[in-house]
Structure formats: C-alpha cells, structure tokens
Amino acid sequence: MDAVYSIIPAGVLSQVFVGLSRTTILFIVASGLTLILGVLRIPNVAHGSLYMIGAFTAFTVTKLFGGGSAGFWMALIIAPLIVALISLIAERGMFQFLYEREHLMLLLLTFAFSLVFGDLVKLVWGGEYKSVPVPHIFQGFVPLFGGLPFPRYNLFLLVAGPVVAILLYLLTNKTKMGKIARAAAVDREMVGAVGINVSRVFATVFVIGCYLAGLGGVLVAPTVSVTLGMDHNLIIEAFLIVIIGGLGNIWGALLGALIFGLTQSLGILIWPKFGIIFPYLAVVVVLLFRPTGLLKSTW
Amino acid sequence: MSRKTLLGLGAGIIVLLLLPLFIPRFYVYLVSIILLYGLLATSLNLVLGYGGIFQFHHAVFYGVGAYGTTLMLTKTGLPAMLAFIVGPLVSAAFGLVLGIICIRLSKLYFGMLQISLGSLVWAIVYRWYAFTGGDDGIHGIPMPEMLSSPKSAYYFTFIITLVSLFIMWKIIRSPFGSVLQGIRDNPVRSEMIGINVRRHQLLALVLAGFFAGVAGSLFVVVDNTVFPDMLFWTLSLEIIIMCLLGGWFAFLGPMLGAAVIIALRTFVSTYTDYWALVLGIIMMLVIFFLPNGILGYVEEKFKRGFVEPEIEER
C-alpha cells in the first residue's frame with residue numbers, strides 16, 4: 001500500500017473516494033432517469049423532485065421509528081416505495097395519455113410536476129433544513145491507506161452502487177420483463193402487436209425508474225442537509241450524466257456518473273472556488289467529440 | 001395584415017402610452033415587467049416556434065444581457081447609453097459561441113447541451129463574488145437621470161420593446177424568416193435545395209440571444225437589480241411556458257402568455273406562497289386542453305370569423 005501512497009498524494013486519494021461516493025448517488029438517480037428515457041422517451045424533469053421526496057420521506061420515517069439505526073433501515077425500505085407509489089399515481093393519472101406527444105411537451109409536463117411536487121414538499125415539511133442521522137454501525141471513520149480517515153457511511157455507499165448496478169443489469173437483461181421493456185424501447189408498436197400490454201410495461205418501467213430516484217434520495221439523506229431545492233442541481237446533473245453516457249444505457253449512466261463525480265471532487269482540489277465548473281466542462285468536452293454519448297444509445 | 005388588426009394594434013399602443021398617467025406606480029412597474037418578459041418570450045419564440053430549435057436555456061442570454069449592462073454601468077465610467085447597447089451585444093456573442101458548440105446536435109441533445117453550458121455560465125456568475133456579486137447579485141444599480149423614475153423607465157421599456165418586436169416581426173416576414181420556417185418544417189428537404197441549415201439556425205440563435213439581452217437590459221432599467229436566478233434553468237422553462245400558453249404559432253402569442261403568467265404570479269403571490277403549485281397546475285391544464293395556446297384556441301374556434309388567410313405561415 002505504501003507504493004500507492006507514494007505515487008498519489010493522500011489528499012487526492014481521499015478526494016477520489018469522496019468522488020466515488022458521490023458517483024454512487026448520481027448513478028442510482030441517473031440510472032432511473034435513463035431507464036425512463038430509454039423505454040418511455042420521457043425526459044423526466046420531476047425525477048429530481050422524487051429524489052427530494054425520497055430524502056424528506058426518509059427523514060419522517062426515521063423519526064417515526066425512533067430516529068435511530070432501525071429508523072434508517074426502515075426508511076431505506078419504505079421511502080422508495082412511497083416514491084414509487086406517487087409515481088404510479090402520476091403515470092396512470094396523466095403520463096399514460098401523453099406518450100405520443102413530442103418531447104418538448106413531455107418535458108414541460110414533467111416540469112409542471114416538479115413545480116407541484118416542490119411546493120407540496122414545502123407544504124408538508126416546511127422550509128427548514130432537516131437532517132437524517134447516520135445509522136449506528138456506519139458512524140465514525142475507517143482508516144484507509146495509511147491512516148487516512150474515511151467515513152464508514154461512504155464505504156457503505158461504495159458497496160451500494162455496484163449492487164444496484166448489478167441488480168439493474170439482471171433485471172433488464174435476464175428477466176422476461178426486462179427483455180420486453182428493451183424491445184418496447186426499440187419498437188413499441190411491434191411489441192404491442194404481438195399481444196403484450198405495452199401500457200403496463202411502460203407503467204412498470206416508470207415506477208422502477210422513480211423508485212431508484214427515491215432510493216437515491218434516501219441514501220443521500222444522511223450525508224447532506226435535506227432541504228428544498230436539493231432537486232434543482234441534481235436533476236441537471238442527472239440529465240447530463242444520462243446524455244454523456246448515451247440515452248437509455250445503464251452502463252452509460254454509470255460511466256457518466258463516474259466522470260461527473262470524479263471531476264467534481266478532483267476539480268475542488270485544483271481550483272477550490274470554481275470546482276463546480278469542472279464536471280460541466282467534462283460534459284462539454286465529451287459531447288464535442290461524441291455528440292450522442294459515450295456508449296450506445298437506445299434511441 | 002388587415003385593417004382590423006392594424007386598428008387593434010394602434011389602439012393597444014395608445015392605451016399603453018396613456019396607461020402610466022392613470023394607474024398607480026406599482027402597476028406601472030408591473031406593466032413594464034410584463035412588456036420586457038413578453039419581449040423575452042418573443043425572442044425565444046423566434047428560435048423555438050419559428051425555428052423549431054430546442055432552445056431550453058434561453059434565460060442565459062437574458063441574464064448575460066442584464067449582467068453585461070450592469071457591469072458596464074457599475075464598473076466603468078463609460079456613457080450609460082453605451083451599456084444598453086453592450087449588454088445585448090454580449091448576449092448575442094454568447095448566442096454565437098453557445099450556438100457554434102451546440103448546433104451540431106439536434107433536438108433533445110441540443111437542448112441538453114445548451115442547459116449544461118448555460119448551467120456552467122450560471123455557476124460562474126453564482127460563485128464569482130468579486131465580479132458579479134455572487135449569489136447576492138447587484139442591487140441599487142445607478143441609472144442615468146432620464147431613466148431614474150418609474151414612469152421614464154416604463155416609457156423607455158415600452159419604446160424599446162415596440163421597436164424590438166417590430167424588427168423581429170420584419171425578420172420573420174423576411175426571406176430569412178421563411179427559410180427558417182422551412183427548415184423547421186423539413187430540414188432534410190431544405191438542405192437538399194441548397195440551404196445552409198446550420199448557418200441559418202446559427203443566425204437565428206444570435207438574433208434571439210440579442211433580443212433576450214435587450215430584455216435583460218430593460219430589466220436592469222426597471223428593477224435596478226440583477227441576480228443569478230435570472231440565468232437559472234427553471235426560468236428558461238417558465239419562458240417556454242409563456243410561449244406555449246400564449247400560442248407559439250402566433251407572433252403575439254408569447255407576449256400574451258407572458259402577460260397572463262406575470263399578472264397571475266403577482267396576484268396569486270399576494271394570497272399564497274405556493275405560486276409554483278398554481279403554475280404547475282396551470283401548465284398541466286394547458287398541455288392537456290390548450291396544446292396550441294390561447295391564440296391557437298381562439299383561431300380554431302372562430303376560424304371563419306376574423307382570421308385572414310395567412311399564406312406566409314406555410
């Protein structure tokens with residue numbers, strides 16, 4: 001380990017790990033977005049709001065179960081399901097009538113949802129900062145590479161990211177449902193013509209995608225202050241990740257999230273004040289050379 | 001243009017000219033804001049409705065124009081009138097640069113890359129305290145003597161808006177405008193008959209950026225402030241809603257949409273903090289029931305009534 005340590009300064013290494021934890025959150029949210037974009041062709045601006053609702057619901061559920069570790073684990077199970085339920089209502093109530101409209105209209109409709117969701121969160125939870133405690137077993141730090149402290153919770157995130165990626169891979173590639181969804185992404189009329197209920201497939205994919213947004217919200221909750229407006233930057237970041245990865249490609253979302261998370265955390269080392277601009281620059285560079293994203297898009 | 005429309009327009013102009021003499025100061029301010037937002041939405045519609053380009057982040061040019069004007073006024077000793085020209089020109093330059101980068105992509109990819117570049121501009125404005133005032137923005141921007149009262153600011157806004165709208169109308173009716181609409185309706189065929197599609201779209205983007213910058217400068221005149229929210233992406237989508245609500249296939253549609261939205265926002269905000277909720281619901285209703293906007297609906301309903309055949313649209 002000393003060899004690694006001598007080549008890469010400790011600060012850089014710790015920022016890489018911070019970046020990777022951020023990547024996990026970004027990937028989980030962006031994979032849901034890319035799933036919806038790939039199959040349903042909806043640029044879902046409300047995705048960020050669902051992420052925010054996930055975080056706020058995590059706060060409430062944690063509090064309901066006593067505010068300790070048990071609360072967090074319950075939140076991890078319940079909160080994404082609540083988000084999924086909300087999305088199911090929205091999909092059956094509205095989106096399913098509009099699949100044939102052009103992208104701009106769908107984008108505006110989901111923006112309308114994000115406005116409504118944003119204000120509903122304000123109505124239910126108020127405008128103050130909320131915080132969700134880190135569960136007990138993940139409190140504190142672990143020494144990493146010669147005594148570098150690294151939050152245990154982030155270690156948990158580093159495991160959660162690949163787990164979600166593998167589960168999603170299995171879901172889309174190994175199950176019948178996933179195969180139908182991928183077929184519907186390519187040619188929805190043909191899939192309907194062979195007697196499959198495309199509307200139900202779409203609803204399922206939409207709900208799974210939104211579930212992932214809620215899951216991202218729960219996972220991020222212990223590391224940030226949960227607040228109104230946390231959706232605004234995230235949704236843009238998630239969109240950019242999806243675009244540079246290739247629309248509808250889950251591995252693309254992972255790659256995009258990696259690029260975004262790492263340029264963000266390392267950019268802060270290079271230029272602390274304007275670290276925020278590095279991921280955007282990375283996006284611009286990627287799109288200049290690969291206008292339709294790094295990996296193959298399903299469009 | 002029929003005599004009826006001309007009469008209507010003339011009456012509207014006279015009403016707007018006399019309005020400040022009769023209404024309280026706050027409403028003078030409100031109408032000024034409506035006019036400049038209408039100008040902003042119309043400039044967006046130049047590329048969105050007539051050009052068919054997914055300009056998702058139009059607010060950047062509005063904000064850049066406002067900041068350009070403001071920084072000229074506060075950081076340099078140059079004549080104030082110069083600042084009002086420089087602001088829009090800076091916006092046009094941004095339009096050119098962003099346009100060159102984005103124009104190779106089409107539709108959704110174009111819009112998304114534009115949002116990313118626009119967010120980059122926003123992030124810089126938001127963080128660069130020494131130059132742009134950071135997230136506080138800049139308040140109490142000094143105005144030249146002749147623009148310091150609300151009434152003079154109103155008349156300045158009104159005249160500039162009117163002139164800008166007239167120029168944009170002329171642009172749309174020009175051969176360039178026809179080509180632009182042709183590209184919107186069938187880019188492939190336009191390309192085949194020898195039109196340089198990219199160059200026409202780029203010029204449209206520069207023009208739209210310029211007039212958005214004009215609107216930004218007017219906001220500085222009316223409100224004497226700038227803040228980074230003027231370049232945030234949510235404002236861009238709100239401007240698109242204004243176009244959609246008014247009707248983006250009619251020239252004055254965006255102006256109407258802006259008037260409705262701004263007026264509603266002002267009145268709803270006096271009763272409740274939940275304006276975004278109201279706006280969201282209005283948007284859903286519009287998307288479901290008025291996909292062609294208010295003017296589109298009126299046109300449909302009273303087709304035989306008063307709409308003269310507008311062949312140029314095709």
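Hi everyone. Before we start, please keep in mind that what you see is a predicted model.

Let me begin with chain B. DSSP gives 15 helices and zero strands here. How does the radius of gyration of chain B sit against the globule rule? It comes to 19 Å, close to the 20 Å that the rule gives for 314 residues, so chain B is as compact as a globular protein of that length. Of its 314 residues, 46% count as buried. And if you take the contacts in chain B with a separation of 6 or more, 77% of them join residues 24 or more positions apart.

Now to where the chains meet. On the chain B side, 32 residues are in contact with 30 residues of chain A. Which helices of chain B each supply at least two residues to that side? They are α5 (107–127), α11 (233–246) and α13 (275–289). The one that gives the most is α5(B), with 13 residues. By class, the side of chain B that touches chain A has 25 nonpolar residues, four polar and three charged.

The largest nonpolar core has 193 residues. Within this core, the residues with the most contacts are A:Val29, A:Ala55 and A:Leu108. Chain B takes part too: α10(B) gives the most to this core, with 15 residues. On the chain A side, the core draws at least three residues from each of domain 1 (31–228) and domain 2 (229–299). As background, nonpolar side chains in soluble globular proteins tend to be buried together.

Let's zoom in on A:Val29. What does it touch, once we leave aside its neighbours within four places in sequence? The partners of A:Val29 are A:His47, A:Tyr51, A:Leu212, A:Ala213, A:Gly216, A:Leu234 and A:Ala238.

Next, the two domains of chain A, which the domain assignment puts at 31–228 and 229–299. Across the boundary, 23 residues of domain 1 are in contact with 18 residues of domain 2. On the domain 1 side, at least two residues come from each of α2, α3, α5 (103–125), α6 (152–174) and α7 (176–186) of chain A. The largest share, six residues, comes from α3(A). By class, this side of domain 1 has 13 nonpolar and ten polar residues, with no charged ones.

Finally, two backbone details to look at on screen. In chain A, A:Arg41 has a positive phi of about 60 degrees although it is not a glycine. You will find A:Arg41 in the loop between α2 (10–40) and α3 (47–64) of chain A. Is A:Arg41 buried or partly exposed? With 19 other C-beta atoms within 10 Å, A:Arg41 is partly exposed, because a buried residue needs 20 or more.

In chain B, look at B:Asn224, where phi is near 60 degrees, again a positive value in a residue other than glycine. B:Asn224 is in the loop between α10 (197–223) and α11 of chain B. It has 18 C-beta neighbours inside 10 Å, so B:Asn224 counts as partly exposed.

Definitions and conventions
Residues are numbered from 1 along each chain as its sequence is written. Chains are lettered from A and ligands numbered from 1 in the order in which they are written. This is a predicted model: local features need pLDDT of at least 70, side-chain atom pairs count only at pLDDT 80 or more; totals for chains, interfaces and linings use all residues. Two residues are in contact if their C-beta atoms, placed from the backbone, lie within 7 Å. Helices (H or I, at least four residues) and strands (E, at least two) are DSSP runs, numbered from the N terminus. Ala, Val, Leu, Ile, Met, Phe, Trp, Tyr, Cys and Pro count as nonpolar, Asp, Glu, Lys and Arg as charged, and the others, Gly among them, as polar. A residue is buried if 20 or more other C-beta atoms lie within 10 Å of its own, exposed if 12 or fewer, and partly exposed in between; C-beta atoms are placed from the backbone. A nonpolar core is a set of buried Ala, Val, Leu, Ile, Met, Phe, Trp, Tyr and Cys residues joined through C-beta atoms within 7 Å. Domain bounds come from an automatic or database domain assignment. The radius of gyration is taken over C-alpha atoms; the globule rule is 2.2 Å times the number of residues to the power 0.38.
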